[in-house]
Each structure stands twice: as structure tokens, then as C-alpha cells.
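Visitor: I would like to go through this model by question and answer. Please keep to what can be read from it.

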Amino acid sequence: MVTQFCTFNVGNLLFGVDVVLVQEVMRYQEMTRVPLASPMIRGIINLRGQLVTAVDMRRRLGLPEASEGTLPMNVIVRREDDAISLLVDEIGDVIDVSAEALERPPETLMGTARELIKAVCQLEGALLLVLDAQQITSVADTERAA
Amino acid sequence: MSETDEVIQEFLIESTESLDRLDVDLMALEDDAAPEKRIANIFRAIHTIKGTSGFLAFPKVEALAHVGENLLSRLRDGVLSPTPEIVSALLAMADALRGFLSHVETTGTEGPAEHDQLVALLSQLASQENLPQAPMAVQFVATKANEAEEAHPAEAFDEGRSGPLADTSIRVQVGLLDKLMNLVGELVLARNQILQCAAGNEDSTLLGATQRLNLLTTELQEGIMKTRMQPIGSIWSKFPRVVRELARACGKEVELEMVGKDTDLDRSIIEAIKDPLTHIVRNSIDHGIEKPERRLSAGKRQAGTLKMHAFHEGGKVNIEISDDGGGIDPVRVRAKAVERGVVSPDRAARMTDRELVNLIFLPGFSTAEAVSNVSGRGVGMDVVRTNIERIGGTVDVQSQTGAGAIVRIKIPLTLAIIPALIVTACGERYAIPQVSLVELVRLDGSESRGGIETIHGTSLLRLRGNLLPLVYLGTLLGGSKAPAEHAEINVVVLQTDERRFGLVVDSIVDTEEIVVKPLGRELKRVSVFAGATIMGDGRLALILDVLGIAQSANVISEARDRALKAASQVAMTATEEPAALLLFRTIDGRRMAIPLGLVARLEEIEPDTIEHAGSDRVVQYRGDILPLMCPPFRAEASSVVFSQDISLQVIVCSEDGRHLGLVVGEILDIGEEVVSSREVRRGATPVAIVQGRVTELLDLSTLRAVPDSSFKQPSKLLEFH
């Protein structure tokens, strides 16, 4: 069985989300800041009347902030009852990965990313980290509650 | 939800609906001269249920529907005619089917119920002949035809869907309607942008197209709004029964009259007003309408009338619930209010009848002498008010002792769109729902320094004699510090949970009708926001949750409450009754003050309207005679000659329902008494320091000393305004 992944870069990491879950990919959108929210939430976006929360993936993964002046891209991911936007550095290709090529994430994977990654796949010259999109903010929730 | 579940769900909904229709058809069968069409409808409904239940493996449903169908097929073919006996059996079958269905809905299985007797009865009815001319052959053919149909359940589906009702209405998920509503909202924004672009263009084709787009969008928006509307009759329909049962329980006779059943309301609002309405109706019957014997002795009809009236007015829905019962006795309300400590005796004495009657909406208030099991525990009307205010409505009661009471509810058409005040803080716009808004106060530099005090780290604003805790929105949201000392300050006075506080914002923009959108789940935790809305420029603005702000700023916490109370007490002892005063200059240039509580209105009166009654000067005022006086009340003052050119400033005072007009030179301000020296010699004018200046107080006793003749008992009309 072959799964298609929408890929994107955050820092020097390559991530993939099952293409079925991706509603759309957009260039940078203006956001409304939400004071008092978790710092990883950059703001809310008006996506043709749909209210979408934007999560800064660099902050989520504990990576250093992007350099001044670079604008992130939006990967809008569908969830059960709404959608969430992942702010990422660059959008990559949609790639086909067969089920056998997917492996369990290595035990050595660093902390914050670990809980978000369902599987990994060795590509030529890169390691694709498959994101568990539903987990992104449920973890953020618990973190905030703590 | 799995696919099978969905199919079952659909089957349940569809079957329940067709059984309801079937009931109606069955009832009508007996009277119908040409029942063929109805029988065909019933047959189709049962046939569909049989087909689908067989397909979904509900054998009991299938078996029962099967014998019913047999009987119906004979009716359809004219072998049998619908006797009351047959109709009863079919009704019993419908009930039994409903039983199965509800069991399937809750547990997923048909349940243990057996209907052997019913099955036997149905088969027996099907096998007899009450039309002697029907030959056996027909029966055989009919049964054969049934079997043929059974083999194609898919066909049965199609057949069932083409019922008469299905042609005119379809079932739509509310979620889909909400989505459409969102999209239309966005379309309106896009339309506005295009209109702006096109305005500067001279291309007539483009202008024509935008014009058409404009009209279409408006129409589309109206249409979508309507799809979410439901007639209020959908919840009123249960009231005849509620009223009947309540009236019986209370030993009263009540006739219910309903007007405006087809008034449309957003379905979410309909849900929200259901309970408050029930409560008001209960109250009217329990407390309002009298027992028959008392009604007769009061010269009324034996049966009381309860009227529910709904109508659209001014973009809102009005619901009036009136009864012709005993009304609410303001005297009893006053006594109760004072006894319960809800209002001070002083204040109660000054309240108008209408204000008194509206005290019933305060928590813990009930005038019923005896607690009945229907109402009277005093937990009702305040909940009614809270519920109605929560959806942005208002409730008001008017009563005429002995003649009845009327409760008026005004609610918005829809919950999704609310009026809001747009403010800014830290460069962002925020929306505050207007429901919680009390007033806007702007303090200029010097006032902001003098009016704001800090006690226990809390900023407090003295506003007309009350201490109002202040919350700085910018600081609360983690932005800027409190504004510089001399800066102008905008305070939005908000009310939540009967508690008031002032929210200091950077600027106040405008009021707008906004569409509320819920925040994503990771933001639900941020309690100071209730949602977000899309502004005219397409950007989002967060909606403030007033209760959330009060809580996170600790305005309504207990500790803060105590600190506040202590602070007020300090203020009290320092000033000894810090009453709000109206400052004015008398005609002869003195600076005087009168307690604000006594002031009913400020008026300007043209000198040529003054008439003379004996030695008194009077004017006609709202259909009454208002005596005029010139403070200070000295002999020489009454001879003051009014200039004929300038209109006179008159303070209309009222006490115990009596009115008096004070002619003054100039109205100055509203202030507070700070230091008073009331222990003065008899005959001397009491003085106080108000706003840093010595001011004469126009004493109550001075007013009272004015001979009674100069007060006029006001007409009934005046009392109600």
C-alpha cells in the first residue's frame, strides 16, 4: 500500500503529513495575535470565514526562531471538527511512500519531536519524519495545563 | 460512526417520521369517503419499514410489519373496508413498531418485546371478509404481488421516499447550514471589496455585474438566515398541555390564547427560551390567576386568560405573556424586598411601582405566601432573567394590581450575530458584547489622576459615589503598562454577575453587529476570550469574555470583595453618607446642592409658559400642574422676576410621588459630599465641601417644610413614567 505525504521543512528537518489530511497549503497569511495563549500559538487566521489556529512549528519543536524577515508558510491540516495551520519554513513535494518503507521512530530521536512523530522513512539523502497531526496541539494542551 | 450505524440511524429517523404520518392517516381513514389514497400511503410506509428492517436484520420488526402489510394490502385491494376494529389494530401495530424502534435506538437491538397477540389479531383480521363480493382469487393475487415486491428491497426504498411530504421538505444537518452561513458572511465581505473597487470604475458592464452581485448576495444572505429559523410555535405547542395540567393542579380555570405562532426565530434561541417561558407561564398560573371563586367575587370571568403573543419589532422578537389575574402587588413586593434586605427601606420608599414590580427578578425573591410545588421557592424569576440576558435579551414586567400582569421579553433574532462595542488595546481590536455594557466614561488628565485611587494594589474609580474596580485591558493581556498619569483614560463600565467593574482601554472605536465564531480547542483555555469575529476588512478581532476577564483580574473574587467592602467602609466613615449631589447655582448666585436621589428630571421651561395660581407660580408639565419654587426659600426669593427672554433651568424633584420644580440659575455638575457640617444652628443653612468648595445643601427638611399645598398629588399617568 502506498501513502502520499505532503512534505515540508522546519529548520533542517523534513516532515510529512498524510496528504488526505491536508486541506490546503498557503503562503503567509496575516494573523491576529491571541494574548495569554501558549507561545507556540502565533495567532488566528481567517481562512475564507473559517477560523484557523496557527501553530508555530519551530516553537512547537523547540527549534530556534526563524531569521528576521522570513515568512512562514501555512499547511492547513484537517482535524475532526476543525482545522489547524502549521507554520513551516518551506513546502516540499508530495511523495509516495510504501507502507513497508515506514519504520518506527528511532529511540534516539530528541524529546519534543518524539511525541509528534508516528513513523520515519529513509529517503535518498534525507529522513522523512511522519507527523501525527492530531497530536500537535493535544500535547500543547497538556503542556499548558501543567 | 460506521456505515451500518448511519444506515440504521437513517432507518430510525425515516421510520419514526412515517409512523407519525401513518397515525394521522389512520385516524382520518374512518371519516374519509375515498380512503384509497391514504391506504396506499399507509401501505407504502409499512412496506418500506418491512423491507428495510429485513435488510438490516431486525426480524421482529419485519414479521410484525409483514402481517400489518398483509392486512393493509387487503384494504388497498378493496377486499376489506377499514372498520374501527381494523384501524385500532393498525394503530396498535404502529405503537408496537415504535417500541421496537426506540429499543433499537437506545440499545441497538430489537429488545425482548413480543407481540404474539397483536400478530394473531392482525392475521385474523386479514383473513376475514367484510365485503362479501370480494373473491378469493383477488386475495391470492395480492399476496403474490407482495412477494414479488419483497424480492426488491431497493425498489421499496424509492417508493417510500416519494411520499407527499418528502416532495416539499428535506432534512439538512445544522452543521451544513452553519457552514453555508459562514460562507455567505465571507461572500458579503468579498462583495463589499468588489463594490469598493468598482465604485471608481466607469466600465458599465462591470458596474452592472457588481450591482447584480450585490443584490444576489443580499438575497442569498437573507435566504440562508431563514433556513436556520423555526417558528416559535414549535415550542409553544407543548404549552396547552402544560397550562391544562398546571391549572388543574392549582384548582384554577385557565384559557390559553396564543398569537403569532409562526413568528420565526433562530433555532438556538428557541432552545434557550424554552425553559424561561415555561417558568413564566407557571408563575402566571400559580401566582397570577386567581381561583374561580375569587375571580367571580372580583367581577371577572370564572376562567382566567393567559395570553402568549409573539411578534417581530425593531429587528427583535418580542414575546409577551399576559394574564388577567391579580397582578403583582407593589406594596407586598416592597415589604418583602425590605424584609429580605434586597433594597434599603429608604430606596424602597423612593421606588416607583414599576421599579418595585421588577424586583421580582432579583435572586431569592418570591412573594408567594406559601411555597407550592409548582413555584414559589424564589429561584425562578432571577434564573429567567439570567437565561434571557445570556442570549442578549431583556425581560420586563408590568402589573396592574387586580387586573393582571404582563411579562415582556425582547430577544435578538439570532445568536450568531450580536451587537458589540469595538475597542482597542495594545494596537489590536477587541469586541465587547453589548449585553454586558453599562456605560462609557472618559476621564481627562486631571480627572484620571484625582478620580482613581489605589487600595490593596487595585485601582478604584470613584463613580457617582460608588467605588468601581478598574481592570487595565492592556496590562491584563500582557501588553503595555497602565497609562501615564496625565493621559486621558477610556473606561468601559461592564456588568457581570451583578458585579460592576471598569475596563480601561486605549480607545473606543464603534459599535458593530458581529458574527461570533468559536475559537479552536487549543484556545478554549484562554478564558478572557469568548470567540472571534471577522471585521469589515477581513481581519479577525477577538471577542472578550466579560465574566472571564472579571475572574482572571480577580474583580469578583472573595478576597477582593472583602477588600472592596472595607475600602467602601473607610470611604463611608470619612464622609458620612457620601451621597451623590446635584450642584447648581441659584438665581441669586449661590452655590447649592441637592441629593441626586430626589432629582427626577432636568427641564428647560420657557418663561411665558408660567402661570399663576394664587401666589404660587406653576407650569403645566406632562398633563399635570408643577409648582415652581426658587431656592433658597426666602420671602424675597419668591418675588424674583424671571427674565422673559431666556428659558429657565428647572430641577424637577420628586419625593413620595409629589413633584416640585426648582428654578435655578445654572446646573453645575454632579458631585459628592466630602466634609459636612450638618450640626449647625437652627435656621442656618447646612453646608458641605463638595468638589473642594463650600456648598450649601438644600436640605430635605427645607423641601418638606414647604407647605403641602404647593405639592400636587400627581395623576396616575405621571406615576408610571
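Visitor: How many residues does chain B bring to the contact with chain A, and which residues of chain B lose the most area?
Guide: The model is predicted. About 2,200 Å² is buried between chain B and chain A, with 56% from carbon and sulfur atoms. Chain B brings 24 residues to the contact, and chain A also 24 residues. The residues of chain B that lose the most area, together 32% of what that side buries, are B:Arg521, B:Glu522 and B:Leu540.

Visitor: Which residue of chain A meets B:Glu522 in a salt bridge?
Guide: Two salt bridges are counted between chain B and chain A. A salt bridge needs a side-chain nitrogen of Lys or Arg within 4 Å of a carboxyl oxygen of Asp or Glu. At 3.0 Å, N to O, the partner of B:Glu522 is A:Arg79.

Visitor: How do the residues on the side of chain B that touches chain A divide into nonpolar, polar and charged?
Guide: Elements of chain B that each supply at least two residues to this side include α8 (174–199) and β18 (540–544). The division is 14 nonpolar, three polar and seven charged.

Visitor: Which strands are the edges of the open sheet of five strands in chain B?
Guide: The order in this sheet is β2-β4-β5-β7-β6, with mixed pairing. An edge strand pairs on one side only, and here the edges are β2 (254–259) and β6 (394–400) of chain B.

Terms used
Residues numbered from 1 in each chain as written. Chains lettered and ligands numbered in written order. Predicted model: local features only at pLDDT ≥ 70, side-chain atom pairs only at ≥ 80, totals over all residues. Heavy atoms only, no water. Contact = heavy atoms within 4.5 Å. Buried area = accessible area lost by both parts, 1.4 Å probe. Helix = DSSP H or I, 4+ residues; strand = E, 2+ residues; numbered from the N terminus. Nonpolar A, V, L, I, M, F, W, Y, C, P; charged D, E, K, R; others polar. Pairing = 2+ DSSP bridges.
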